[in-house]
Amino acid sequence: MTDTPFTPRVFSGIQPSGNLTLGNYLGAVRRFVEMQNSGIETIYCMVDMHAITVWQDPGDLRRRTRELAAAYLACGLDPKKSILFNQSQVPAHAELGWVLNCVTRLGWMNRMTQFKDKAGKNAEKMSLGLYAYPSLMAADILAYKATHVPVGEDQKQHVELTRDIANKFNHDYKVNFFPEPEPIIEGAATRVMSLRDGSKKMSKSDPSDMSRINMMDDADTIAKKIRKAKTDPEPLPDNLDDLAGRPEARNLINIYAGISGQTPEAVIAEVAGQQFGQFKPLLADLAVAHLSPIANEMHRLMGDVSEIDRILGDGANRAAEIAEPILAEVFDIVGFVRSR
Ligand code: TYM
């Protein structure tokens, strides 16, 4: 990690807008756990306010928020070491979000590729929240003056925007108040692709469940999805360069590497010459052995929702303790009269 004059602090979040996928796990949650265990203060959020930028059934949102909390815990996040909470419970996110809406320029928002992807040709029918989403994300990070943000590749642009927003705030108000947070995009699987189409990212919102592995899938389902994953008829080569133009094959190698903790180079050397008929069962066994204990633990934790809510409530109190004084300073900086 590079030096900054700010105390290192990690913040990241995941939307409880669908089933947590293998992409979220390899791209984000595994990094969260590593960073938790590296001795830096770590804050991980279930961003329910971001989720409602597109329609969420209220009952589903409640269940998915708790399932995401269960996933955090089952994957190794420890509420004694990390602060775990849901965004809506700490009002500083929304309040700082408003101030940052007034710093962020429309031109910057118009460049956000995720909005364009999500809105497609229907931009006029999308919520204002979806458009403003990246400035709320900046508020999530900056409410804690976080310096490091572990994310998958697809969130890089949003973290870079956060840097621009922090910089403009500092510049406009002539302060050195916010750090410019760094995206941490590491590991073999920073962009896990759909199992049905190697040109599309694996996503919790893809209409096809066969396109993704969900963290609560059972062993048979995981094995079936890998068996049916789109591939090509060629055997696997002995180096990554020869996978150019074979995105589905490359994706499965990356997934294998991501789960096993090896580099893709090491994996391809190991499986060189194999047909997918050989490689897929290896991958399925690896995935099942790794993911089944997590799924079992998630099911167990979901049996005691009140314990999950207790952990989230405690996390929200601790998060608010950090964010509230920072927000109070922001109010002073921008000139809000504090009358109570
Ligand atoms: P979200 O909920 O879409 O995804 C959560 C995390 O998972 C990563 N990810 C992936 N990584 C690799 N391969 C994939 N196929 C894949 N799909 C998702 C994402 O990059 C992300 O790290 N805007 C964020 C949530 C957010 C946030 C924040 C993140 C809100 N506030 C503040 C960091 C800091 C999002 O929609 O992630």
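Which of the 27 residues around the ligand come nearest? Tyr 133, Asp 140, Asp 154, Val 192 and Lys 204 do, where a residue counts as near if one of its heavy atoms lies within 4 Å of the molecule. Before going further, a word on the model: it is predicted, with local features needing pLDDT of at least 70 and side-chain atom pairs counting only at pLDDT 80 or more, while totals for chains, interfaces and linings use all residues. Residues are numbered from 1 along each chain as its sequence is written, and side-chain values use heavy atoms, with hydrogens and water left out.

For Gln 155, the side-chain N or O atom is 3.0 Å from a nitrogen atom of the ligand. On its own the ligand would expose 710 Å², and the protein buries 97% of that; such areas come from the Shrake-Rupley method with a 1.4 Å probe, and for residues only the protein chains shown count as cover.

Next come the aromatic rings. A pair of them is described by the distance of the centres and the angle of the planes. Rings of Phe, Tyr and Trp (its six-membered ring) pair if their centres lie within 6.5 Å; planes under 30 degrees apart count as stacked, over 60 as edge-to-face and the rest as tilted. The structure has eleven aromatic pairs. In one of them, the ring centres of Phe 32 and Tyr 44 are 4.3 Å apart and the planes meet at 5°, so this pair is stacked. It ties together distant parts of the chain, with Phe 32 in helix 1 (residues 22-36) and Tyr 44 in strand 2 (residues 41-46), twelve residues apart. Helices (H or I, at least four residues) and strands (E, at least two) are DSSP runs, numbered from the N terminus. Phe 32 is buried at a relative accessible area of 0%, and Tyr 44 is buried at 0% too. Here buried means under 20% relative accessible area, exposed over 50%, and partly exposed in between (1.4 Å probe, protein chains only).

Tyr 256 and Phe 279 make a tilted pair, with 5.7 Å from centre to centre and 35° between the planes. Tyr 256 is buried at 10% relative accessible area, and Phe 279 is buried at 0%.

There is also an aromatic cluster, made up of Phe 169, Tyr 173, Phe 177 and Phe 178. Over the ring of Phe 177 sits the charged end of Lys 145, 3.8 Å from the ring centre; this label requires NZ of Lys or CZ of Arg within 6 Å of the ring centre and within 35 degrees of the ring normal.

Most residues other than glycine have a negative phi. Lys 145 is not a glycine, yet has a positive phi of about 50°. It lies in the loop between helix 7 (128-142) and strand 4 (148-150) and is buried, with a relative accessible area of 19%. Lys 174 has a positive phi too, of about 55°, in the loop between helix 8 (156-172) and strand 5 (182-184). Buried or exposed, which is Lys 174? At a relative accessible area of 75%, Lys 174 is exposed.

Val 90 belongs to the loop between strand 3 (82-86) and helix 4 (92-101), where it is buried at 1%. Leaving aside neighbours within four places in sequence, Val 90 is in contact (heavy atoms within 4.5 Å) with residues including Phe 85, Tyr 144 and Ala 323. Between Val 90 and Ala 323 there are 8.2 Å in space, C-alpha to C-alpha, although they are 233 residues apart in sequence.

Leu 142, in helix 7, is buried at 0% relative accessibility.

Methods: A polar contact is a pair of N or O atoms within 3.5 Å; within protein, one must be able to donate a hydrogen and the other to accept it, and residues adjacent in sequence count only if both atoms are side-chain atoms.
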